[in-house]
Amino acid sequence: MTRPSPGWRDPDRAGSLRLAALFFRVGAQNELQYRLNFVVQLLQSILGVAAGLVGLAVVFAHTNNLGGWSRPQLLVVMGIFLMMNGITQAFIQPSMNLLIADIQKGTLDFPLTKPVDAQVLVSVRSVDIWQAADSLIGLIIVIVGLVQQDVAVHLVDIVSFVLLMLMGTVTIYCFWLMLASTAFWLIKTDEMQELFQGLYRTGQYPVGIYPGWLRYGITFVVPLAFAITVPAEALTGRLEHLALVGAAGLTLALLVISRLLWRKGLQRYGGASS
Amino acid sequence: MIERPAVRVQSLRKAFDVPVRQPGLKASIGALFKRETREVVAVDELNFEVGAGEVVGFLGPNGAGKTTSLKMLAGLLHPTSGTAEVLGFTPWQRQPAYLRKMALIMGNRNQLQWDLPVLDSFELVRSIYRLPRQQFTDTRDEMIALLELGALVDKPVRNLSLGERMKAEIAGALLHLPAVLFLDEPTIGLDITMQKRIRTFVAEYNRKQGATVLLTSHYMADVQALCKRVIVIDHGTVLFDGGLQRLADEFGSTKTIVARLDVADGEKLDTYGRSATNRGDGTWSIQVTRSEVAEVTGRLLAEQAVVDLTIEDPPIEDVIERVFSRGSTPA
Amino acid sequence: MITAEPASGPIAETEPGRFREFRTNALWLWRYYTQFMRLAIITQFQYRAANYFYMIGMIAEPVVYLVVWSTIARTNGGSVGGFTPGTFAAYYIVWTLVRNINIVFTPFGWEQRIKDGELSGLLLQPIHPIHRDLAFFAGWKVIVIILWLPIAAALTLIFHPSLSPTVWQCVVFFLALWGAYLIRSMFLWALGLISLWTTRVSAIFQAYFMAELLLSGRLVPLTLMPKWARSLAGVLPFQSTFGFPITALTGPITDAQLWHGLLTQLWWIVVGGLIVKLMWRRGIRRFASVGG
């Protein structure tokens, strides 16, 4: 079996990224044939959002702020929650599900025998672009929230927000890669995905309202705080510079840790199958 | 007194409406409201009778309508028109009394519980079919003995091999001692020994229980071992209904010599036998009559660089094809 | 609702004969149920770790609701709509048990069931397949409840629920759990049967689950919902599957309300059973005409 080429100083890295782009384009074209699915998916997203909005309406029928967040500001949080959800479901989860299935069935050899970085390849193999409907609706909700709130948003806030969203996407990707890599050791990981999806729900409210133990959990164990609450802070005039540094640090740390775990898993896979 | 046939099929017809899909967004949205469909006839004017206790082979090429017919007789499909009667019941009414007397076994389906030992699965069958304890235990033990399941019944189904699973599957499907048995490719994907074992068992079951058996198989050996009579269908209609002997004569009249040559594919072997086709990789198959086998083989070995040589019976599709082509075109 | 299949053979017209037949049918059905419950227990015990992950993921949902509403109660000076953080904790911890009891065969599973031939296999058997699902998921509850106990203990230690039910409330709660189980089984089965007509069902399922979330007491106790939502919930089955069983234990609830809740559940079991019966008959006719 071909060993994956040694990571960070791979001379083929530019090639890997080109390959990622190619895979993405082919996947998207494939999906575009089924445009009706987009209508169905949009309908489902709208239903989900409607339920979320009713939930918020019920909350604000009884109070006018939740842990210091006003109603428009919670809309911003909810919008970002949806955006991240769309990104995860469309671009991260499909490939990771495929990866888990391949590890479980012992059919990972195909991506491993290609002359590019295996991590890149397994991370871009599949997209489900219609799931991004959530992101679209999420963005609209964020804008509605921003218009309604009485905090001014400056260009620097928007720049930090975009940066934080990018880092948030990377952290969620790293988390998923680690989750998928556990499949090298554990037999059944389907329920770990259920676990993630369950925990992800906690992200629809700012982490500040949760009791301490849970706050730590969704900040450092499942990195939802930095993916959802912190970007929302950037848009609602709450962001401290330290959080920006923290987000960058966490992103880097997760990149390294997930890479290590993935490679450790690959070693185990190679040992078991040859 | 004329005995009532176990299975009686009259003018049975089954047509499916298959949606016609046009590419493009407009067409697919349009299809939501007005579906364009095309009628595909799977079974057309099917007529036959099977006597109680008879074992009949139901043959035909892929897509001939065999599985559709069996599914109608098992009550899973409702025909477009025509009638069928099995043991006096109309199958698609799915009366519990009928379902208790019938079994449909499909080669690639699994009704046993994946995570449970086979014996536990059998207990479930008992409660589904409401079998009295004594009858159940006797039948079960007999099946276990006949199919040599003794060492397997304590294992979970997921730990069994494909063939072992099929044996357990068949035992489970017959615990309620059905009087009529529909077998759809029961030996598909199994090795020769396992095929034989299952064949012997079906014959034994038919003899002991006097059960009526209707069977489809791609393996001629299955049909030869079990059926005195075969019904050949194609495009949903009966083309041949009669003794196996007649079909076997047909079957025995030609052989296929498969020869692999040293040279890749340059040589032409058209001069040997009645017809020769290149299968690629230097492998040729040559049709000969039975009497020509020795002579052609000898010539091949003498004149060509033969690496490997086998003599095969023609596949069942070819036999069936010959059966009906003789009927329709002058020989 | 679903009746046992009649036994084969001539049906005796005499009263004792009919009684004997009824008894035999009931006995066989009982045996069928216990067998399939046993199957579920054995199977799910093998997958206990997976079950646990699934359950912990599920717990996040009520914890979110609980935290949000406790926060609101505290900001409002200790209570909102009659609920304190303690009674909210009781509501949402009992919620976790009710939710677990409410796990039934998912409507999303029908597409697969049809595709891989499982449905055909079930149709060959002389018993209505809903019995299999009812029995299997009921058996699964045994494992679920055992796994749930430590989670409930942990939640109790963290959130300090205030709960003091009467014995009668406990009895009604126990009955209401199984009422909820039956109602949700029936309605989700009927929902899943739509797959026999069309494969584009996910949006329909989604709409159903959204309505359930908002109008059942799953998201928030119904007394905190606006009046229009409460009146809507009053004519729909959802409340019988979440709000009523939970409130039966946590209170505040009167004896009359308890009786009314049980009778409402009974009504929805009957309605659900009839819908299933009707849709099953129609659906199978369709299934048998387009290809099994």
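Student: Hi! Which residue in β12(B) stands opposite B:Thr277?

Tutor: B:Ser285 does. This is a predicted model, where local features need pLDDT of at least 70, side-chain atom pairs count only at pLDDT 80 or more, and totals for chains, interfaces and linings use all residues. Residues are numbered from 1 along each chain as its sequence is written, with chains lettered from A and ligands numbered from 1 in the order in which they are written.

Student: How many bridges join β11(B) to β12(B)?

Tutor: Five, and the two strands run antiparallel. (Strands are DSSP runs of E, at least two residues, helices are H or I, at least four, both numbered from the N terminus; strands pair if DSSP finds at least two bridges between them.)

Student: What's the strand order in that sheet?

Tutor: β11-β12-β10-β13 in chain B, an open sheet with antiparallel pairing. β11 (275-280) and β13 (306-312) of chain B are at the edges with a single partner strand each, so one side of each has no neighbour in the sheet.

Student: Which helix packs on the sheet?

Tutor: α10 of chain B (residues 293-303), which touches β10 (254-261), β12 and β13. Touching means contact: C-beta atoms, placed from the backbone, within 7 Å. The direction of α10(B) makes about 170° with that of β13(B).

Student: Switching to chain A: how many helices and strands?

Tutor: 11 helices and zero strands.

Student: How do α7(A) and α10(A) cross?

Tutor: At roughly 180°, with axes coming within 9 Å; axes are lines fitted to C-alpha atoms, for helices over the stretch in contact, and angles run from 0 to 180 degrees between N-to-C directions. The two are therefore roughly antiparallel (over 145 degrees). Contact residues include A:Phe161 and A:Leu164 of α7(A), and A:Phe226 and A:Val230 of α10(A).

Technical notes: Angles under 35 degrees count as roughly parallel, over 145 as roughly antiparallel, 65 to 115 as roughly perpendicular and the rest as oblique. Two residues are in contact if their C-beta atoms, placed from the backbone, lie within 7 Å.
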